[in-house]
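Thanks for making time this morning. I would like to walk you through one model, so please have the sequence and the coordinates open while I talk.

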Amino acid sequence: MAKSDDCVHILQGLLVFGNVVIGMCGIALTAECIYFVSNPHGLYPLLKATENDVNAAAWIGIFVGLALFALSILGIIGVIKASRTLLLVYIILMLITFAFEMASCITAATHRDSLTPELFLKQMLENYQKSEPANNSDSEVTKTWDELMLQNHCCGVLGPSDWQEYTSAFRGTHSDADYPWPRTCCVLDAQGLPLNLDGCKLGVPGYYNSNGCYDAISGPVNTHAWGVAWFGFAILCWTFCVLLGTMFYWSGIEY
Amino acid sequence: FRGCSGGSTPSTAPPRLLITAQLRYTPVLAQSPPLKGQTTTSTFVLDQPRCVFQDYGNADIWLVVALAPASSAFNNTAAPGTPETAFQRFPDPVRAYMTLNATLGSYPCPKPAGDITVLRVGSETSCAEDTTRPTCNGPLPGPGPYQVKFLALQGSEPVAETAWSGEIMLKTAKSPSSISTTGSGHSAGMIAITTILSILFAILLAALVAML
């Protein structure tokens, strides 16, 4: 009996420990998802315009994190009191939370896969400097691209040749001879004017930004998506173990 | 009276033979430094003809831009600034126009090292529609192919010319709707997450059923 008591105590201890970890990870997940939803890199207008809400996964993550925290407290109480009802409620609610978090991880990973350079290229060509913006989101796209190109010293998605290889809304209002690429692709001086306008138009190395902005976009987007997806995956693996242990413990409790 | 016995009185001026010197220089697109805008959809960049027209200090050096098939039909006696060589009537009916007038002073020889000496053909947008400026260096109307040569005129007579350049093709822009955004499939990470989580969830459901 003493041995079986010891086993039960060890199992209880492990389950309490497991639930504590789940609670802390739930808080961490909520905090991480709130950070991503707050749009720290200013890229949300671009992502919004791609008709894929990458933030959906983060929003689900916020609520799942809070649910995990609450349920972990419920689990600790249920394990210590060895109450079958509480633990049954805990198991069922945890399974529902598991399903939601699974959806969040898969959504984050799938949306990340859909954010290819071609998607951003098409969006940029069709919306940048649109002369009559149909709604606010088009002018936001222009503002976001301008800031992106200024801060990261880059031009276009893959390079300045984007503006030459494709026609665009920009090309409709700006002639190719005067604007082979937008002025924000030029190296600018302290006043925000091109250092050498002719050098920029000719494409002389040193007077224009020759690399594309895709790396500057995909970096934060990757961090966002994989942060939600992989952290959620890790939490779920741990939750899986704790849930199996809880189910085993539950079936061992006498009425 | 005494008349000439025949023939005509010879003129006192010596006969002038008009030979346009064929200079051994072929205009090329600017190669150094590497320029991103060497050819765009309506402009291209040539090297300046340095140390080529050294013997023609008094001449005006013009650039002749022609549609490639019509280059051999160009007549050197065509005068710049006339409707026959006006940019605004290019490419139809005018098949070759003359622009970028310069004198030898604009192309000093030798070229200082480190200087970028280029001519951008197509850079003047302000006079592209202005028929009072037939020698406008306006943007080219199509992808080409074009051929160019330099022609030195003294007064109105051609005295020297370079060879015709090779064919210059400009860029053609595609429509953005031709970009395919259907995606490149799913990454390994996404597939791993989906399969593993599905398996875990299935095990949990099975354990729940077994438990109850």
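I will take the domains of chain A and then the backbone of chain B.

Before that, the conventions: this is a predicted model, in which local features need pLDDT of at least 70 and side-chain atom pairs count only at pLDDT 80 or more, while totals for chains, interfaces and linings use all residues. Residues are numbered from 1 along each chain as its sequence is written, chains are lettered from A and ligands numbered from 1 in the order in which they are written, and side-chain values use heavy atoms, with hydrogens and water left out.

In chain A, the domain assignment gives domain 1 as 1-115 + 222-252 and domain 2 as 117-212, the bounds coming from an automatic or database domain assignment. The C-alpha centres of domain 1 of chain A and domain 2 of chain A are 43 Å apart.

How many residues of domain 1 of chain A are in contact with domain 2 of chain A? Ten residues of domain 1 of chain A are in contact with nine of domain 2 of chain A, where contact means heavy atoms within 4.5 Å. Between them, domain 1 of chain A and domain 2 of chain A bury about 850 Å², with 74% of it on carbon and sulfur atoms; buried area here is the accessible area (1.4 Å probe) that two parts lose on being put together, summed over both. On the side of domain 1 of chain A that touches domain 2 of chain A, the largest share, five residues, comes from helix α2 (residues 44-49) of chain A, helices being DSSP runs of H or I with at least four residues and strands runs of E with at least two, numbered from the N terminus.

Across that interface of domain 1 of chain A and domain 2 of chain A, the rule finds zero salt bridges, a salt bridge being a side-chain nitrogen of Lys or Arg within 4 Å of a carboxyl oxygen of Asp or Glu.

Turning to chain B, a cis peptide bond with omega of about 10° joins Asp92(B) and Pro93(B), and Pro93(B) is found in the loop between β3 (60-67) and β4 (96-103) of chain B. Another cis peptide bond, with omega of about -5°, joins Cys109(B) and Pro110(B).

Finally, Leu100(B), a residue other than glycine, has a positive phi near 55° and lies in strand β4 of chain B.
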